[in-house]
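This report sets out selected structural features of the protein shown below.

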Amino acid sequence: MSDATAGSAELFRQVQHGIQRQLQRVLFTAWTQHIHDKGVAHRDIKPQNLLLTTDGTVKLADFGLARKVDAATTSRGAAGTLGYMSPE
């Protein structure tokens, strides 16, 4: 394999990986929007709660802190994992 061919193959692999990561972000965003549209607040999204299946599907796990919410609901107190919580 020539250096040019090897370089092209590596570039293709990097581009493909980047596209896959971007697609995962888009799908995850759509999925979290879906659960919010259903009136559910997960309240503990962090890397440890994102599962990757063997086919590359990203799944959100650990709904232990999740709550059903509506427009009139106000959250009181903090919930989640300290290192991943927003500073507000």
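## A loop residue with positive phi

Asp 62 sits in the loop that runs between strand 3 (58-60) and strand 4 (67-68). The model is a predicted one. Although Asp 62 is not a glycine, its phi is positive, at about 60 degrees. Asp 62 has a relative accessible area of 42%, and because buried means under 20% and exposed over 50%, this residue is classed as partly exposed.

## Overall organisation

The protein contains 1 helix and 4 strands. Along the sequence these elements follow the pattern α-β-β-β-β. Of the 88 residues in the protein, 12% are buried.

## The loop between strands 1 and 2

The loop between strand 1 (40-41) and strand 2 (50-52) includes Ile 45. Gln 48 is found in the loop between strand 1 and strand 2 as well. Ile 45 has a relative accessibility of 36% and therefore counts as partly exposed. Gln 48, with a relative accessible area of 53%, is exposed.

Gln 48 can also be placed relative to Leu 60: 12 residues separate the two in sequence, and their C-alpha atoms are 9.4 Å apart in space.

## Nonpolar surface patch

Ile 45 also takes part in a nonpolar surface patch, together with Leu 50, Leu 52 and Val 58. The area of this patch is about 310 Å². Ile 45 is contributed by the loop between strand 1 and strand 2.

## Second largest pocket

Helix 1 and strand 2 each provide at least two residues of the lining. By residue class, the lining of the second largest pocket divides into 5 nonpolar, 2 polar and 2 charged residues.

Side chains of opposite charge can pair when their charged atoms come close. In this model the count comes to 1 salt bridge. The salt bridge joins the side chains of Glu 10 and Arg 13, at 2.8 Å from N to O. This distance meets the criterion for a salt bridge, because a side-chain nitrogen of Lys or Arg has to lie within 4 Å of a carboxyl oxygen of Asp or Glu.

How many residues apart are Glu 10 and Arg 13 in helix 1? They are 3 residues apart in helix 1 (residues 3-37), so about one helical turn separates them. Glu 10 has a relative accessible area of 33% and is partly exposed. Arg 13, at 44% relative accessibility, likewise counts as partly exposed.

Terms used:
Residues are numbered from 1 along each chain as its sequence is written. This is a predicted model: local features need pLDDT of at least 70, side-chain atom pairs count only at pLDDT 80 or more; totals for chains, interfaces and linings use all residues. Side-chain values use heavy atoms; hydrogens and water are left out. Patches are made of residues with over 30% relative accessible area and no salt bridge: like charges are joined within 9 Å, nonpolar side chains (Val, Leu, Ile, Met, Phe, Trp, Tyr) within 5 Å. Accessible areas come from the Shrake-Rupley method with a 1.4 Å probe; for residues, only the protein chains shown count as cover. Buried means under 20% relative accessible area, exposed over 50%, partly exposed in between (1.4 Å probe, protein chains only). Ala, Val, Leu, Ile, Met, Phe, Trp, Tyr, Cys and Pro count as nonpolar, Asp, Glu, Lys and Arg as charged, and the others, Gly among them, as polar.
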